[in-house]
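Subject: Model for your review

Hello,

Here is the model we talked about. Please load it before reading on.

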Amino acid sequence: MFEVIIGLEVHTQLNTKTKIFCSCATSFGEEANTNVCPTCLALPGALPVLNKEAVKKAISFGTAVNAKINKKSVFNRKNYFYPDLPKAYQISQFEVPIVEGGELFIDVDGKQKRIGITRAHLEEDAGKNIHEGNGSLVDLNRAGTPLLEIVSEPDLRSSDEAVAYLKKLHSILRFLNISDANMQEGSFRCDANVSIRPKGDTKLYTRVEIKNLNSFRFIQKAIDYEVERQSIAWEDGKYDDEVYQETRLFDTVNLVTRSMRGKEDSAEYRYFPDPDLLPVEICDEMYNEAIKIPELAEQKIARYQKEFGIKQADAENLVSSVEMVKFFEELIDAKISPKLATTWLLVELNGRLKNGVTIETSPVGSAKLAQLLARIEDGTISGKAAKDVLDHLMQNPSENVDDIIKHLGLKQVSDDGAIVAIIEQILATNADKVAEYKAGKEKMFGFFVGQAMKEGKGAFNPVKVNEILKQKLG
């Protein structure tokens, strides 16, 4: 039996408006090679100038993971040759990163497990190679986009733990609003370092790096395949021949890892301090501003339970995304009761979102849903009728809630006179059941309520029906 050792390196693009060393825009999806300038094209004489916002976002992250913030850090040149790296070196941090140490906790079999974070450092992103037919094109729009590279300790012991760690990290970045962490657009990418060892052994064996994984599903499958590959090699006595320090890519079609190149070590990159950039010195004013971070997902879960009386499972679903939190808190700001808001957001609205539509792109926004829920709370319509209104709104989101209620004839009757007349008729024609109720068969009360609602064709306000029945039955 083998123990799996996994360490992860995550590259996340910071959501600054401009690049880390120049004023070019960081917007995604622009025409190739339009968000470029002499600095990110590495033209002679162009000098880098550090983006202050990138530094502040790195400090915020360090604060969120209980890390040490180095108020003095250094940028280095990491030398390697690749077509999407116009300078033939990358400006990165090596000896002194801005964030050092840190931790986050994941749930493993109902218990909290600490995963150490070695460091998080700032660097610039490379461009993008586009392979077409027998040739390749280079788009340098992404070159110079600020990256935060977050390196974990080798504390992860399975692909499940690795995915749990990445989802937790993804949540932190999104709730801090320092990155959109969009995996499809490449602003949250992961390199997985994987090795195995016999159970009980403490030695670290050869690690293999799987490069540029950009979905939780592929991360899990890539790690599982690599563990199986290494385990088979060990059992067949071919470990030294087949497992060596290298970089591998994951084939997302055949779900296997393939050798890409030998893995470089730090000496091969020939790091040295960048002579064009002074050491970064963070003043107290900037530091104190950056460490004021917003409420994170775990804190919101605890607050929702304590303040609103929401069950833990529901609270966890409400913080599943930044967009879900925003929607929910806008309902609360509109004075909707927390429990009603929770049910209608998680069950009714979320259950109607299909075919790739998310809470962010929902045709019914928080303001419109709040209007509908207010009509339940003030007794204008029943919860059942409100579902019909929501169905109509999903197809006609621009329509007014009150107009829909009127058009569909769903307004509840709260007029005492109309309800009293029906109830008196029901009690008169069911004298035997009235006698049973008064003799102690309290379940008969539900029968009377059902009859009243049936006669009222669902339009009677059930609160009024219950109130009047209690009066009439004594």
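Below is what turned up, from the overall form down to single residues.

**Ground rules**

This is a predicted model: local features need pLDDT of at least 70, side-chain atom pairs count only at pLDDT 80 or more, and totals for chains, interfaces and linings use all residues. Residues are numbered from 1 along each chain as its sequence is written, and side-chain values use heavy atoms, with hydrogens and water left out.

**Overall form**

The chain holds 16 helices and 17 strands. Both are DSSP runs, numbered from the N terminus: helices are H or I with at least four residues, strands are E with at least two. The radius of gyration is 30 Å, whereas a compact globule of 474 residues would have one near 23 Å. That radius is taken over C-alpha atoms, and the globule rule is 2.2 Å times the number of residues to the power 0.38. The C-alpha trace spans about 95 × 55 × 50 Å along its principal axes. Of the 474 residues, 46% count as buried. Buried means under 20% relative accessible area, exposed over 50%, and partly exposed in between (1.4 Å probe, protein chains only).

**Strands**

Start with β1 (residues 2-13). Of its 12 residues, 11 are buried. β1 runs antiparallel to β12 (residues 188-198), joined by 11 bridges. Strands pair if DSSP finds at least two bridges between them. Val 10 stands opposite Cys 190 in β12. β1 also runs antiparallel to β11 (residues 146-152), here with five bridges. In that pairing, Gln 13 faces Leu 147 of β11.

Next, β7 (residues 103-108). In a regular strand the side chains alternate between the two faces of the sheet. In β7, Leu 104, Ile 106 and Val 108 point to one face and are buried. β7 pairs with β8 (residues 111-124) in the antiparallel sense, over six bridges. Glu 103 stands opposite Gly 116 in β8. The two strands form a hairpin with two residues between them. Asp 109, in the turn, has a positive phi of about 55°.

Glu 209 is worth a look. It is found in β13 (residues 208-213). Its relative accessible area is 1%, so Glu 209 is buried. Its side chain makes a polar contact with the side chain of Thr 247, at 3.1 Å. A polar contact is a pair of N or O atoms within 3.5 Å; within protein, one must be able to donate a hydrogen and the other to accept it, and residues adjacent in sequence count only if both atoms are side-chain atoms.

**Helix α3**

The 20 residues of α3 should span 28 Å at 1.5 Å a residue, and the end C-alpha atoms are 29 Å apart, which agrees. The expected span is 1.5 Å times one less than the number of residues. Buried residues of α3 include Phe 218, Ile 219, Ala 222, Ile 223 and Glu 226. After the helix comes Gly 237, with a positive phi near 75°.

**Rings**

There are 12 aromatic pairs. Rings of Phe, Tyr and Trp (its six-membered ring) pair if their centres lie within 6.5 Å; planes under 30 degrees apart count as stacked, over 60 as edge-to-face and the rest as tilted.

- Tyr 80 and Tyr 269 are edge-to-face, at 6.0 Å centre to centre and 70° between the planes. Tyr 80 lies in the β4-β5 loop and Tyr 269 in the β15-β16 loop, so the pair ties together parts 189 residues apart in sequence. Tyr 80 is partly exposed at 26%, while Tyr 269 is buried at 11%.
- Phe 218 and Phe 250 are tilted, with centres 5.9 Å apart and planes at 55°. Phe 218 is in α3 and Phe 250 in β14 (residues 246-251), so this pair ties together parts 32 residues apart in sequence.
- Phe 2, Tyr 205, Trp 234 and Tyr 239 are linked by ring pairs into a cluster.

Two lysines sit over rings. The charged end of Lys 71 is 4.4 Å from the ring centre of Tyr 287. Lys 167 lies over the face of Phe 216, at 5.6 Å from the ring centre. The test is NZ of Lys or CZ of Arg within 6 Å of the ring centre and within 35 degrees of the ring normal.

**Backbone points**

Ala 88 has a positive phi of about 70° although it is not a glycine. Ala 88 is in the loop between β4 and β5. Arg 270, also not a glycine, has a positive phi of about 50°. Arg 270 lies in the loop between β15 and β16, and is partly exposed at 46% relative accessibility.

Best wishes
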